[in-house]
Amino acid sequence: MLALPAQARKKQGYEITLSINHGKDTMMFMGHYFAKGNSIIDTALRDRKGRFVFESKTDTLAPGLYFFANPEGKYVEFVVYHEPPFFNFVTDEEDWTTNMKVKGSPENDFFYRFHRIDADYAKDLDDKYFSMDSVEFMAYKRKRLLSLDSVKIGMIEENPSRFLSKMMLATKEVYPPIVDEKGDTLSEAQRRDYYLEHYFDNIALEDDAIIRTPKKVFYDQVMSLYNEYLKYAPPSVIEHSIDIMMERAKKAPTVFQYLTLTLTQKYLQSNVMVYDEVYVHMVKNYFASDYNFWSTPSNIEQELMRATKWERLLVGKEAPELILFDTLHNPHSLHALPYKWKLLVFWSPNCGHCKHIIPTVYQVFEKYQAKYDIGAFTILSDPDDKTRAEWRKFMKDHNMTSPTWLSLDGGEANVDWHDVYDITTTPQIYLIDEDNIIQAKHLGESSVEKVIQAICGNGNNE
């Protein structure tokens, strides 16, 4: 668990008391936000004095935004941040937030002061709604919201170290300038570069407290960049953005851990073939770094081994050489295959997905083989006597007889191709050029024809 600052370690544990005047609840929960969810960490029953007392002599409360909630879901938030968590909260049942008083926490004084201002603005708009026509009200609302924004900006500027200021700042949009320092107009590409370089300027990535906030504050701000804005960006652009973010996150162990695990998993599971490169980048630079305090050495080594395999198989890399034998025990080399384009296919008749896809792949291959000069190097992925018989029967039943579709037995080869090509599932389909450079991978039934048309057609000399 992340240690609190020295100031908060002077007294161990926590004791937080909540009193709700005129309240009828007999049970109350205490919890905190985390990334895109929240967790209940303590429960208290109302005592004889009408209080809910949350306490521990040993556990600490990591900094962040917390909440009290009753079983029906009514809640009120509070801050734990660089103060010993020994607070006394008193409020009224009518409105837990705006009526809240707190002892022992300037952070929460500031927090509730803002919410009272926010509530006053909301009440004013409600009052005006029924006394103005729609056009007049919209103009008034716009003016009041601009005024509220001004108040927020003033509070942030006057209190930059308060946690509420950091939360509000995190949701502030970054706007690229129109001109540079010399007054020259920036191009669209320059403005886009500025946006990416400064995207994280307002998010306190170096502070672990920022991850214990509602979804819109941390998770949405960070992940919308990768899930939306950079959804189909080149790997190098994504990696550069990640490096900017992770450099600051190194100062916050929990933030660093969360981002490492989340982004590593995201790009491990991506269906965009070139994003294998981003996964490799995440593992080699962050998961396997000295900053990984949460994984065992064996887990790190296992992930690093997979990333090392994938790095050899990235689009743009040379496909590892394979030499295997056909049904007549004649040897064939992948690198020596004399075609402009090569399909490398790992499959088995025991694989239900293969049974469905491979006949389609073969039909696509026959359709474009002569037009684009394509050869196929296909490998039986689980060779044994029973499967070999099924393999031959399957090819015969589906009339897979083209002499340029090489059907090779995977039982004997120059390398352990399961390991070299990381074959854990089938089918696996690659498109390789005449120089044996991987041009596409992870092709499926719906993508194989589109990829052949796009890549082979674009490179065709007809």
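Predicted model: local features only at pLDDT ≥ 70, side-chain atom pairs only at ≥ 80, totals over all residues.
Which residue of β3 is the bridge partner of F34? Select G37 as well, and you have the answer: G37 is that partner.

Now widen the selection to residues 27–34, which form strand β2. Strand β2 runs antiparallel to β3, and the pairing covers eight bridges. As background, the strands of a sheet are joined by backbone hydrogen bonds, in either a parallel or an antiparallel way.

Next, bring in the rest of the sheet. Four strands make up this open sheet, in the order β3-β2-β5-β6, and their pairing is antiparallel. To find the edges, select 37–45 for β3 and 75–80 for β6. Each of these edge strands pairs on one side only. Turn the view and follow the twist, which averages 25° from one strand to the next.

Is S348 buried or exposed? Its relative accessible area is 2%, so S348 counts as buried, the cut-off being under 20%.

Show the side chain of S348 and look at two places it reaches. One is the backbone nitrogen of N350, at 3.0 Å. The other is the side chain of D382, where there is a polar contact at 2.5 Å.

Finally, which residues is S348 in contact with, leaving aside neighbours within four places in sequence? Select C354, L380, S381, D382 and T387 to see them around S348.

Note on methods
Residues numbered from 1 in each chain as written. Heavy atoms only, no water. Buried < 20%, exposed > 50% of the residue type's maximum accessible area, 1.4 Å probe, protein only. Polar contact = N/O pair within 3.5 Å; in protein donor to acceptor, adjacent residues only side chain to side chain. Contact = heavy atoms within 4.5 Å. Pairing = 2+ DSSP bridges. Helix = DSSP H or I, 4+ residues; strand = E, 2+ residues; numbered from the N terminus. Axes fitted to C-alpha atoms, helices over the stretch in contact; angles between N-to-C directions.
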